Amino acid sequence: MSNAMYNKMWHQTQEALNSLLDTESQKMMEPQKNQVFIFQMLATFYIKYVQIFRNLENVYDQIVHPQKRILIRKILDAVMGRILELKNEMVELELTEFHYFDDILQDLKLEPKYQVKPIPLEEAVKLIQIAERARQGRLRAMFMKQIYLQEYRAKQARLLGDKVADVSAAALRIQKVWRGFHQCKRTERQRREEMIFLGMNPPPLFNEVSAAMIQADRLCHLRNKVQIKHEEEYRDALVTIKDDLKLTEGPDIKENLQDQIRHWFIECRNLTGTFPDYPNEEEGGSAIIFSNKTPQQVIDDIVASQDEEEKTKKKKKEKKPKKEKKEKETKETKEKNKQEEEEMWKMSPSVFLHTMEEGNSVYKDLWKNKDESWNFPQDYDPELIKEDKRKELESEIRVQVDELMRQELKNLKLAVNREKELSARTGKKKGGKKKNKKKKGRKGKKDKDLTVDRTIESLYKELVEEGLLIQALKVSLSDYIGEYSYLGTSLRQVSIEPMPSLLDVRQLITLYAILPLGSAAVHEKAPLVKSLLLAGPSGVGKKMLVHAICTETGANLFNLSAANITGKYPGKSGLQMMLHVVFKVARKLQPSVVWIGDTEKTFYKKVPHAERKMEPKRLKKQLPKMLKLLKPDDRILIVGTTKRPFDAELQPFCKAYQKIILVPRPDYASRYVLWKEIIQRHGGVITDTLSVSCLAKITDGFTQGHIVQVVKEVLTERRIRQQSHKPLTALEFIASLTSMNPVYQEEEDSFKDWYAKTPMGKKRALALTGGNKENEKDKGKKEKKGKKEKKKK
């Protein structure tokens, strides 16, 4: 794909984003009651933003123009943030982490571009009759031909005698065998083609990379090199163009600013009788006075402000007794508004919509109709740099001019009125003292740095040596194989809560971990997720997901599992030092992931006798403190993994982990994909003799870990070599499964029951059973019971 094609793709995506922003701004204003309608609206926005995100991601990855890429990145971050906001809205609305969009995706399907004209019934019947008669005619002709050939052969046999008859009979026999063999091959080929057409089998050379794909990949790498080159040239141009502007336009800018400020002095003196106060550097200096205003507008503002001050003084005297009435009115209106808000649902305000609208308006003003016929290589635009650098240069020169003009104003004031100047000086000194006091107070609030004299490199080395900072395995999120749950909406309509599928889990990991850690802008403004818990039976890929988060975001991985911190940094002071060092390094080298494996041990109800020496509960009190210290600009995520969450104390466990994700055993669809992918990755060839659907059906309850282990056992080097004359069969894999214990339904139900006791699980259950009314009744009953028990005691 060429640069022009990616530019076209960007323009189309921007148009889609523009229309989506318009529709969303309309819907935001409309309060709604119907929960189904609200969810469909949110889900539709979510899906459309995801489509825009994918296109923008592709465009950002391949466009080579450096200035365009800056704008695209800004919009891309805002789109990511909006996706997370909409996800948060859906979670609060449905009170579940998993959502299903089957029906909405069907509604959003694109219509085919071609149209078929309808044929009248009589013409359609005639066409069918013609086709049927033609078919019967062909069959009759074939039948008559066979009869004719039989008669002809009989005549030949009679005329030529027995010898020739024997030869012709032998020839016929050879023909029959050959035709039979040929027909078998043809039917096999037709069957294969039909299975490929139906999507039951992959097409030939499906797993082999085509020449076109190799060429496209090569062009992508070339484009990435051009991107780097253009960005370097752009950075150099930022410096050189600014230096040129300083020499050519700097003196003129300085003179214009000085003239403008002098004019302001004189006009203020003429209107008010006194010289104005010059704004401080902290307030913005003369930039505040002349921000997008002409000198005449500035003078009008001064006159208006003086009139307003006089009016407010008069009103203050009159309005003192009316305060009580106003307070009552505001209370009544607030109560009414609260009642209305409870009845009607309204989307919460977005942090990212403004950024998207800003980016969209910049695109419209700059790039939408810009003629780029001169810029075929898509290098930087020098005129755009000049515009930005002029503003920068003006603000720098303004600081210098402000210093000069302040002195000039002082001299003018001294010449006119010395007493006013003295009072102004004393006022400024008092203000300065107050600021210093505030600064002193702030210094006292800061936490102590226990390792002031140590470098980050030395702390990093120490953590690596202690085994607390470990190298993440190179596992991409796409390696977490599975399928989506396509019956989620249908099951929920029949009041059955579906178990999430593996790709539903993968999607949540992307939303809660990868997007915020990958982008600082998104992490700072999006709904903040500080901690994440992955709960599920062993072998479902919890640790793999932790490593995938680190690989996708380039994050450092800190291992604070109970088993890993045993005997390291002993005592209370040692524990404090360990956490201080971990979080100091994590902040400096962010993004970072702090992984706590088998995290239920940290919150044990009862510590087993065998694990008492290990001190598994060391982090129990410290973990909530660590979460409080994390700020929106700290790209640090605490991830816990557990296969036995029921062994932990529920309340502190749920408080420590903001988001809880159940990682299930794979369903049929996911198992089918897993068997297929893992066999092929380990050198296996799938043929008609190997029934993958049979393997998927039989292995209900077995996890990804089991499947990988079985495939490794069966596909030895020797077995891989034998495949050409001895294809793989399902029985070979089934034999290895007999020694393994699957995850039974009871174990999965125990995870479901545990999740139902978590805050989100409780809310979901209440929403399904009738909501707040029943909850209030239950609370009342519990309170009464509690009072009775106290009386008995």
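**Close-up 1. A bridge between strands β2 and β6 in a predicted model.** L534 stands opposite I661, a residue of strand β6, in a structure that is a predicted model. Strand β6 covers residues 659–662, and the four bridges that join this strand to β2 connect two strands that run parallel. On another strand, β5, which spans residues 636–642, β2 also has a parallel partner, and here five bridges join the two.

Close-up 2. Strand β2 is formed by residues 531–535 and is mostly covered, since five of its five residues are buried. In a regular strand, side chains alternate between the two faces of the sheet. In β2, S531, L533 and A535 point one way while L532 and L534 point the other way, and all of these residues are buried.

Close-up 3. Six strands make up an open sheet with mixed pairing, and their order is β1-β3-β4-β5-β2-β6. The edge strands are β1, made of residues 469–470, and β6, each of which pairs on one side only.

**Close-up 4. The loop residue L560 and its contacts.** L560 lies in the loop between β3 and α20, a helix of residues 571–588. With a relative accessible area of 1%, L560 is buried, because buried means under 20% relative accessible area. When neighbours within four places in sequence are left aside, the residues in contact with L560 include L468, I565, M578, L579 and V582, and also V594, W595, I596 and L619. T599 is 39 residues from L560 in sequence, and the C-alpha atoms of these two residues are 9.3 Å apart in space.

**Close-up 5. The two sides of helix α27.** Helix α27 consists of residues 730–737, and its buried residues are A730, F733, S736 and L737. Seen down the axis of α27, these buried residues fall within an arc of 130°, so they line one face of the helix. On the other side of α27, by contrast, L731 and A735 are exposed. The packing partners of the buried residues of α27 are the helices α23 (668–681), α24 (692–698) and α25 (704–714).

**Close-up 6. The buried side of helix α25.** The buried residues in α25 are Q704, H706, I707, V710, V711 and V714. Around the axis they cover an arc of only 160°, which puts them on the same side of α25. These buried residues pack against α17 and α23, and also against α26 (717–721) and α27.

**Close-up 7. Two cysteines, C184 and C220****.** C184 is partly exposed, with a relative accessible area of 46%, and C220 is likewise partly exposed, with a relative accessible area of 23%. A disulfide is a covalent bond between the sulfur atoms of two cysteines. Where a disulfide is taken as a pair of cysteine sulfur atoms within 2.5 Å, the count for this model comes to zero disulfides.

Note on methods: Residues are numbered from 1 along each chain as its sequence is written. This is a predicted model: local features need pLDDT of at least 70, side-chain atom pairs count only at pLDDT 80 or more; totals for chains, interfaces and linings use all residues. Side-chain values use heavy atoms; hydrogens and water are left out. Buried means under 20% relative accessible area, exposed over 50%, partly exposed in between (1.4 Å probe, protein chains only). Two strands pair if DSSP finds at least two bridges between them. The arc is that of the directions from the helix axis to the C-beta atoms. Contact means heavy atoms within 4.5 Å.
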